[in-house]
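Me: I would like to learn how to read a protein structure, feature by feature. Please take me through this one.

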Amino acid sequence: MSRNIAAPRGTRDLLPEETSAWSHVESVARDLARRYAFDRIEIPLFERVELFARGLGESSDAVEKEMFRVSGAQGSGEEAAPWALRPEPTAGIVRAFIEHGMHVRPGPLRLTLIGPMFRYDRPQAGRYRQFSQWDVEVIGDAGPAVDAELIELGHRFYAEVGLTDVVARINSIGDAECRPRYRQALVDHFAAHEDRLSLDSRRRLRINPLRVLDDKDLPPELAADAPRGMDHLCDACREHFDAIRALLDVLGVRYELDHRLVRGLDYYTRTAFEFYVAGREGQQQALGGGGRYDGLVELLGGRPAPGIGFGIGLDRTILAMEEQGVAPAPRGELVAVLGMGDDHDRRLQIAGTLRQAGLAVRPDGSSRKLGKQLESASKAGARWAVIIGDGDAMALKDLATGGQRDAVSIEEIAPIVSG
Ligand code: AMP
């Protein structure tokens, strides 16, 4: 017998008992996107490797270690692997913004998508090779009000899915004017202790010293006296950051300053933020994160335009909901339609009418005895059974209490079931 084929490592099937939580979380995200006036955009699941290399930076983990390459053509040569599955959506959205000349539209543009991302990372709890993000981007607004609005939106999302104790951690990593000074200060600090840095950090010290700060193997004492971005901000960046903090205070968003938060991707400027369940900060288990990328549009060949966005990981959001015992939203009560003998035409007609009234309905397709049909309706999770008798007679049975109303009309059913 041949061996069964399993799902690829780092991917997961979501079985029906898990998907109601997913549907709930996605619908909260879509509804918030509507209330915050974002328009949906869709982009390909794969793009040219070059887009990610340029947009995310060669030294980012996503490009350096986790690129999930796809090869369309057979064999080798230039066409062999020019694409990669998207590790995040911002680079693709900015590519689309430039390609379609979207800068002429009345801005700022507010764009959103929900979909799978791919990183060829070592799989572990909360870290998959395919995972889903809810992403929002605002292009054409230099802030700081929009920075605060997005942090508040992320915070609200976690509250609306039912999570408690989610904290935003924020930092500013400066801009083209002040970041070089900060980079130099980090190089000076870490170069003096290079022998205590991991191999990764020694390499990053040369290409992107900010990334040394988010190395989880950084000795705590080296991290503790590392220069802080906030102490190196130019006046404009400082004002921007102070304004965000003042706005978050007014909006009542819980946040903490995190000097080591630099985010993995090279394109960020000024504001960087991540969301954590309080107390879980050290474990590389951010629920979501984002930041400002004022140089990215220009870097990818467009006319300069500021941008900011976030990506919220839905997988980790749902794991956190499970840990906190947040019950997924009920699906709406299921109604079974049962009958006698071969009255399937009546069952399907009645099911159709009830569905039109908005109910979830599962007609029994068998000609078994009523007792058997009731049994399988209960097992399938139905709360109600509509039992079709002779002629037009119908009964409505409450499978939770066992109570039954005889001689109901079809019009009476929906109001009773919807309670
Ligand atoms: P990042 O762009 O790495 O900050 O990712 C944004 C969010 O996506 C993170 O905060 C996570 O919630 C989620 N995420 C990133 N990588 C993974 C992964 N490999 N598996 C599951 N979720 C992930």
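Me: How many residues lie between S15 and S16 in their hairpin, and which glycine in the turn has a positive phi?
Reply: First, the ground rules. This is a predicted model: local features need pLDDT of at least 70, side-chain atom pairs count only at pLDDT 80 or more, and totals for chains, interfaces and linings use all residues. Residues are numbered from 1 along each chain as its sequence is written, and side-chain values use heavy atoms, without hydrogens and water. Now your hairpin. Strands are DSSP runs of E with at least two residues, helices are runs of H or I with at least four, and both are numbered from the N terminus. S15 and S16 have 5 residues between them. The glycine is Gly402, with a positive phi of about 85°.

Me: In what sense do S15 and S16 pair, and over how many bridges?
Reply: The general idea comes first. Strands of a sheet pair through backbone hydrogen bonds, either parallel or antiparallel. Here, two strands count as paired if DSSP finds at least two bridges between them. Strand S15 covers residues 394–398 and pairs with S16 in the antiparallel sense, over 2 bridges. Look at the partners. Leu396 stands opposite Arg405 in S16. Lys397 has Gln404 of S16 as its bridge partner.

Me: How many bridges join S14 to S15?
Reply: There are 5 bridges between strand S14 (residues 384–388) and S15, and the two run antiparallel.

Me: What is the strand order in the open sheet?
Reply: Read it across: S13-S12-S14-S15-S16. That makes an open sheet of 5 strands, with mixed pairing. Its edge strands are S13 (360–363) and S16 (404–405), each pairing on one side only.

Me: Is S15 largely enclosed or open, and why?
Reply: You need the cut-offs here. Buried means under 20% relative accessible area, exposed means over 50%, and partly exposed lies in between (1.4 Å probe, protein chains only). S15 is largely enclosed by the rest of the structure, because 5 of its 5 residues are buried.

Me: Which residues of S15 point one way, and which the other?
Reply: Start with the rule. In a regular strand the side chains alternate between the two faces of the sheet. In S15, Met394, Leu396 and Asp398 point one way. Ala395 and Lys397 point the other way, and all are buried.

Me: Now the surface. Which residues gather in a patch of negative charge?
Reply: A salt bridge is a side-chain nitrogen of Lys or Arg within 4 Å of a carboxyl oxygen of Asp or Glu. Areas come from the Shrake-Rupley method with a 1.4 Å probe, and for residues only the protein chains shown count as cover. A charge is placed at NZ of Lys, CZ of Arg, CG of Asp or CD of Glu. In this structure the negative patch gathers Asp13, Glu17, Glu18 and Glu322. Glu18 sits in helix H1 (residues 16–35). Glu18 is partly exposed, at 30% relative accessible area.

Me: Which residues make the nonpolar surface patch?
Reply: Leu247, Val250 and Leu251 make it, and it covers about 280 Å². Leu251 belongs to helix H9 (residues 235–251). With a relative accessibility of 46%, Leu251 counts as partly exposed.

Me: Where are the cis peptide bonds from Gly107 and Gly143?
Reply: Check omega in each case. From Gly107 to Pro108 the bond is cis, with omega near -5°. Pro108 lies in the loop between helix H4 (90–99) and strand S5 (109–118). From Gly143 to Pro144 the bond is also cis, with omega near 5°. Pro144 is in the loop between strand S6 (130–139) and helix H5 (145–161).

Me: What phi does Ala37 have?
Reply: Ala37 has a positive phi of about 60°, although it is not a glycine. Its loop runs between H1 and strand S1 (39–40).

Note on methods. Patches are made of residues with over 30% relative accessible area and no salt bridge: like charges are joined within 9 Å, nonpolar side chains (Val, Leu, Ile, Met, Phe, Trp, Tyr) within 5 Å. Lys and Arg count as positive and Asp and Glu as negative; His and the chain ends are not counted.
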